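Please keep the structure in view while reading.

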Amino acid sequence: MKYNKFIRYCIILSIVLIILIITSLTVGKYEISRVDLFSLLKDVLSNRLSMDDTKAFVIFSVRLPRILMAVIVGSGLAAAGVGMQAIFKNPLVSPRILGVSAGASFGVALGILVCNNAMFIQFMAFVWGIVAVILTYLIGKNNKSSSVIMLVLAGIIVSAVFTSLLSLVQYSADVDTELPSIIYWLMGSLAGVKMTDVKTAFFPIALSLVLLFMMRWKLNMLSLSDEEAEALGLNVKLYRVLIIISSTVISATAVSMCGMIGWVGLITPHIGRMIVGTDNEKLIPVSIIIGGIYLLLIDDFCRLLYSSEIPLSVLTALIGAPVFGILLKKTGGKWI
Amino acid sequence: MIFEVKEGYFNYNDSPVLKNINIMIKKGELMTILGPNGVGKTTLVKCMLGFLKWENGDTLINGYSIKTFSRNDLWKKIGYVPQMKTLPFSYTVESLVLMGRNPYINFFSKPAKEDYYCVDKILKTFRLEHLKNKPINKLSGGEIQMILIARALVADPELLILDEPELNLDLANQVKIFEILAQLVNSKGISCIINTHHPINAVRYGQKSLLLMKNYHYLYGDTKDILNRENLSKTFGLSEEWFNFKIS
């Protein structure tokens, strides 16, 4: 793939994302036309905006935070997916392989049980997601042999433990109030996301994204065998830890903000590979944009498809899996 | 450059694998390592390069321990060609060869124009430009091996270490690989250490040979002294007559 062609794809995808953002601002149960939107934007620029206006409220306090969150989380999960697939040398891997989702889900449930406060639940999800990955790393690291396989096994062990703990918490939760609340939280939703949530999620995800972006070319070598990469002068352990840290921070933040969202980290890297090929230097930027488009699109469907909201995790897989299946069938998976 | 192993010992789970290995190879020499399966050839290569730690002894470059070199400095001097295997992601030939430039590229950086230029140059010398944009998993075994050698050479090393470069290659391709290596040794003064299973290639192209035998014995010296019928038959457990064969 020529560099100019790659730039062109990036520009096209960015334009698609921007158009999608603008469209997402206008569509929804409360109708706002594009003309209204642009006149509102004009008001913002000239500092004449009043939040008393219902339209302004819907756009800037309801839809905008939700859209921004979808884009940030989608981009983050996509980049985390690319990073994880590279260090595990396997295109089937997603960020949850190290147990971060299982740990964070347990954190959510525990948080709801202890004190039903949104901030506290977010905090618990984030912390337990990180704890799970640290455990995985400690179990997997303590061996001389191929550490990637050890990490995968450790991830399975830790995920199993936290999944059981989640069931335990669910079992002891109040059936009428707490249990439904745990289940709905885990199904995932971006409804009710506020601007403060966006601010909270932005820094950890943006920082991790920058880190992954800067290491994007080095990911190519990390997907070779460890010795081969070492012999190319690469500090394999250091890069691996940095990538695990950034992917974990992204995934834990994602679960804490919008529940368990599967599939984004697994399939967006593949869509990216279909467009720009396997070179991670180009794949990371393209996947970041595609991840944003993908999750925003899915969230729009969540809002619009049915009279009440559909949980996010249902549609990421329900739409993502068949689309991926069709692509796989059509191309025979030759992009990998 | 002078590459040495001094008094190298290595144990695996407390049972010794390598004992008192002493070798030295000078600029422009081609050395082959031969021996039966399981005798520790690959282990020796891994120890030499620091992937496995010597229990005792050390690897030296120009008299200095390889531990004293920074990662980048070390891998600018040494190019390693691993055994060929399928990659999980099928990078293009250009991407793969570009990885060889990594010792010249900073921690958070990516290749610059100059690196791409080096890749083009090395592909041209190998007459492989036409493969530049092909995915690596679509190439033949011989082509992949050439690409792996090109990747090691693109960092401009003084020593090349190859782990069974003739693996899965037909006779013609084996000859091609060894001819290229011999030419690098002769014209550019690059030293080569080659792990091989084929005494014929070793005798034909090597100046120095290391014959690893069971029970931690080994023979090291000029190929013509080491790779004779007696030593080979002893090492591989074959009768001396076996080596008499001629093709009519």
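The model is predicted: local features need pLDDT of at least 70 and side-chain atom pairs count only at pLDDT 80 or more, whereas totals for chains, interfaces and linings use all residues. Residues are numbered from 1 along each chain as its sequence is written, while chains are lettered from A and ligands numbered from 1 in the order in which they are written.

Within α14(A), the buried residues are L312(A), S313(A), L315(A), T316(A) and G320(A). A residue is buried if 20 or more other C-beta atoms lie within 10 Å of its own, exposed if 12 or fewer, and partly exposed in between, with C-beta atoms placed from the backbone. Helix α14(A) comprises the 20 residues 312–331, and its end C-alpha atoms are 28 Å apart, in agreement with the 28 Å that it should span at 1.5 Å a residue; the expected span is 1.5 Å times one less than the number of residues. After α14(A) comes G332(A), which has a positive phi near 70°.

Helix α13(A) has 25 residues and reaches 35 Å from its first C-alpha to its last, close to the expected 36 Å. Of these 25 residues, 19 are buried, and α13(A) is thus mostly covered. It packs with α14(A) at an angle of about 115°, the axes being 9 Å apart. Axes are lines fitted to C-alpha atoms, for helices over the stretch in contact, and angles run from 0 to 180 degrees between N-to-C directions. The crossing of α13(A) and α14(A) is right-handed; a crossing is left-handed if the near helix is turned anticlockwise from the far one by less than a right angle, and right-handed if clockwise. From α13(A), I298(A), D299(A), F301(A) and C302(A) meet L312(A), L315(A), T316(A) and I319(A) of α14(A). This contact divides into six nonpolar, one polar and one charged residue, where Ala, Val, Leu, Ile, Met, Phe, Trp, Tyr, Cys and Pro count as nonpolar, Asp, Glu, Lys and Arg as charged, and the others, Gly among them, as polar.

Among the residues making the contact are A201(A), I205(A) and L212(A) of α8(A), and L242(A), V249(A) and M257(A) of α11(A). By class, the contact of α8(A) with α11(A) has ten nonpolar, three polar and one charged residues.

Turning to chain B, K121(B) is found in helix α4 (residues 113–125). K121(B) is exposed, because 11 other C-beta atoms lie within 10 Å. G63(B) lies in the loop between β4 (56–61) and β5 (64–65) of chain B, and G63(B) is exposed as well, with 7 other C-beta atoms within 10 Å.

Finally, 20 residues of chain B are in contact with 23 residues of chain A. On the chain B side, helix α2 (residues 71–77) contributes the largest share, three residues. That side has twelve nonpolar, six polar and two charged residues.

Note on methods
Contact = placed C-beta atoms within 7 Å. Helix = DSSP H or I, 4+ residues; strand = E, 2+ residues; numbered from the N terminus.
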